Amino acid sequence: MIHHVLLACPRGSEDLSRSFYAGLLGLTEKPKPPALAARGGCWFTGYDAELHLGVEDDFVPARKAHPALVRTDLDDLAARLDAAGHAVTWGDDEIPGMRRFHTHDPHGNRLEFLAPTGGGPRG
C-alpha cells in the first residue's frame, strides 16, 4: 500500500494548489505537521489517496511521471476540468477494463484519472 504521492510545486503556489486540488477535484486539505508546514506546500486526501504538494525551488513539472487516481465520477470530473480550462485527453483501450484520461494541474504536473468499466482484470 502506498501512503502518499508527492508532486512538486513552485514556491508560493499553495493557494493555486488549494483551488485545484480541493476546489476542483474535491479533495480535502490535510494539515501538515508544524515542522513540515514551515517548508511550504500542502497536503490533500480523498478517494483512497493522499497527495502532497511540496515546494521545489528549481521547479520543473512532471510531464510523464504521474499519479493515477481512481474516480467513480470520471465523466463529471472531465467536464469540470475542461470547463475550468484544464485540457482533458482521453485514453484509448490500452488498459483493459479501465476508462481513463490525463490532464495537468495548474503547475503543469501530469495527472491520470481512471474508472473500472467492469470488463477487465480490475473491473
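**Close-up views of a predicted model**

**View 1. Glu112 and its side-chain partners.** The side chains of Glu112 and Arg100 make a polar contact of 3.0 Å. A second polar contact, 2.8 Å, links the side chain of Glu112 to that of His66. (A polar contact is a pair of N or O atoms within 3.5 Å; within protein, one must be able to donate a hydrogen and the other to accept it, and residues adjacent in sequence count only if both atoms are side-chain atoms.) Glu112 lies in strand β8, residues 110-116. Strands (E, at least two residues) and helices (H or I, at least four) are DSSP runs, numbered from the N terminus. Glu112 is buried, at 6% relative accessible area; buried means under 20%, exposed over 50%, partly exposed in between, with a 1.4 Å probe and protein chains only.

This is a predicted model: local features need pLDDT of at least 70, side-chain atom pairs count only at pLDDT 80 or more, and totals for chains, interfaces and linings use all residues. Residues are numbered from 1 along each chain as its sequence is written, and side-chain values use heavy atoms, with hydrogens and water left out.

**View 2. The β2, β3 and β4 strands.** Strands β2 (residues 28-30) and β3 (residues 42-46) run antiparallel, joined by three bridges. Thr28 has Thr45 of β3 as its bridge partner. Five bridges join β3 to β4, also an antiparallel pair. Strands pair if DSSP finds at least two bridges between them. Trp43 is bridged to His52 in β4. Two residues separate the strands in the β3 and β4 hairpin, where Tyr47 takes a positive phi near 55°.

**View 3. The largest pocket.** Its volume is about 350 Å³. Of 15 lining residues, Tyr47, Asp48, Ala49, Ala68 and Leu69 are the closest to the centre. β4 (49-55) and β5 (68-70) each give two or more residues to the lining. A pocket is an open set of points on a 1 Å grid over the protein atoms alone, where a 1.4 Å probe fits, with protein on both sides within 12 Å along at least five of seven lines; lining residues have an atom within 4 Å of a point. Grid points are joined across faces, edges and corners, and the volume is the space filled by probe spheres set on them.

**View 4. The second largest pocket.** This pocket has a volume of about 150 Å³. Its lining includes His4, Lys32, Trp43 and His52. Strand β4 gives the largest share, four residues.
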